[in-house]
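Please read the points with the model in view.

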Amino acid sequence: MRRVVASLTIACSIVFTSPSAWSEPAVEVNLAKSKVTPTAVEAARARVTTAAKMSRLPANVEPTLQSLAGQFGYRQIGYVMGLTCSPYSKTSLVTNPQPCWLGDSKGTRTIVLYGDSHAGSWIPAMDEYARSIRARLAVFWFPGCPTPSVVASASGPFYSSRAADCNAWSARVIGAIGAVNPFAVVMASGYGVTHSFTAPDYQKWMNGWTLLGNQLRAKMPRVALYNLATTPYLRQSAPLCLSAQPNNIGNCGFTSLSSTGVGYGLNLGDNRLRDLAASRAAGAVFIDVVQLFCTANFCPAVIDGTIVYGDDHHITTAINLDLAPALGELLASAGLK
C-alpha cells in the first residue's frame, strides 16, 4: 500500500473476546469486487489474504531491503520515532520518566502509549490516530522492559538486559503517566514466541497485569485501558530471509498459529490467549491486531508491497502507516475516540 494516509473512517471493528485460539472470521463478500466500500479493517484483511498467496518478492517494496540492511536498519522500524524518550538510550529517563509528545499538539485530551519495544513499534500509527481525533499522544516505553508490573531480572522468564534500570523506571513511570492526565492508556507487550512460561511464571505474569491495572486506576480512576495483541514473531529476520529467497518469500512468513489451549506455549495461538487473559487481568479492552497481519494459518512477511518487519518481530514504519486507518477503526469501535 502506498504512503497515502487517508482520514480515518470510523465504521466497524472486529475486536474478539472469545478465549478460543485466534482464527480468521469467514468473509462472504469478495471485497475487491464489492460495490460496497470495505472498512479499513476489512481492506487490511483482504490484503493479508492476497499476500499469503504470493511467492515472489514484489518490485519496489517499501522500505527497500537496502535500507533495512546493516546496523541502521532500525531506522525503518516504527520505534525510531520514540528514541528520544527511551530510557534504554537516554539513561536520565530511568529515574525521571518523560514522554515523547506526538499527536495533535493543540489537543485538549491525552492518550498514553505504554510498554516495551512493541509499544514503541506502534508509534507511527498511534500518532496518526491521535491526530485524527485531535488528541495528544504521550509515549512512555522502555525496550526490553516487561510491560506488566513484574520484577525484571538478568535471566529467566522476565529477562531484561537492563533489569535494574527497568525496575527503577517501572517504579516511577506510573506516577509520570498520571501526571499527564490521560483519558486512555494503550498498552502493548512483546513477550511473544520466544518467551515460553511455566504455569507458575504464567500466573506471575497475569498477577503483574492485574497489579498494573490497579496501579493505573489508583492514579487515574476514570482512565480507559486498552491492550494491543502481540504482533507475530518470525522464525528469522524478515529482511535477511527476503534477500536470500526473493522467489520463495512464503518461507519468510510465520505458520504456527495453533494453540495448546494453556496460553503459555511457543506459538501465536498461545500468545493470543495470553494477551486476552492479560487484558482481562488488567481490566483492559483487548484489541486483536493480529487479524491485520495474519490469515487463519499464515502471517506473510510482505503485504501489498510493504515489508512488515524490520527484523524478526518489530514492525516497520511503512506498515504502521498502511495500517493506521485499520488500527483507528479497532480502537474507535472499542471506545477510544
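Helices (H or I, at least four residues) and strands (E, at least two) are DSSP runs, numbered from the N terminus. By that definition, the chain has nine helices and eight strands. The model is predicted: local features need pLDDT of at least 70, side-chain atom pairs count only at pLDDT 80 or more, and totals for chains, interfaces and linings use all residues. Residues are numbered from 1 along each chain as its sequence is written, and side-chain values use heavy atoms, with hydrogens and water left out.

**Burial**
- Of the 337 residues in the chain, 53% are buried, that is, under 20% relative accessible area (1.4 Å probe, protein chains only).

**Nonpolar cores**
- A nonpolar core is a set of buried Ala, Val, Leu, Ile, Met, Phe, Trp, Tyr and Cys residues joined through side-chain atoms within 4.5 Å.
- The largest such core has 67 residues, and Val-289 and Phe-293 touch the most other members.
- Helix H9 (residues 317-333) supplies the largest share of this core, eight residues.
- Another core, of 33 residues, lies apart from it and includes Phe-142 and Trp-205.

**Packing of two helices**
- Two packed helices are described by the angle and the distance between their axes.
- The axes of H6 (residues 199-219) and H8 (residues 268-282) come within 7 Å and cross at roughly 40°; axes are lines fitted to C-alpha atoms over the stretch in contact, and angles run from 0 to 180 degrees between N-to-C directions.
- Contact means heavy atoms within 4.5 Å; among the residues making it are Trp-205 and Trp-209 of H6 and Ala-277 and Ala-281 of H8.

Key: Buried < 20%, exposed > 50% of the residue type's maximum accessible area, 1.4 Å probe, protein only.
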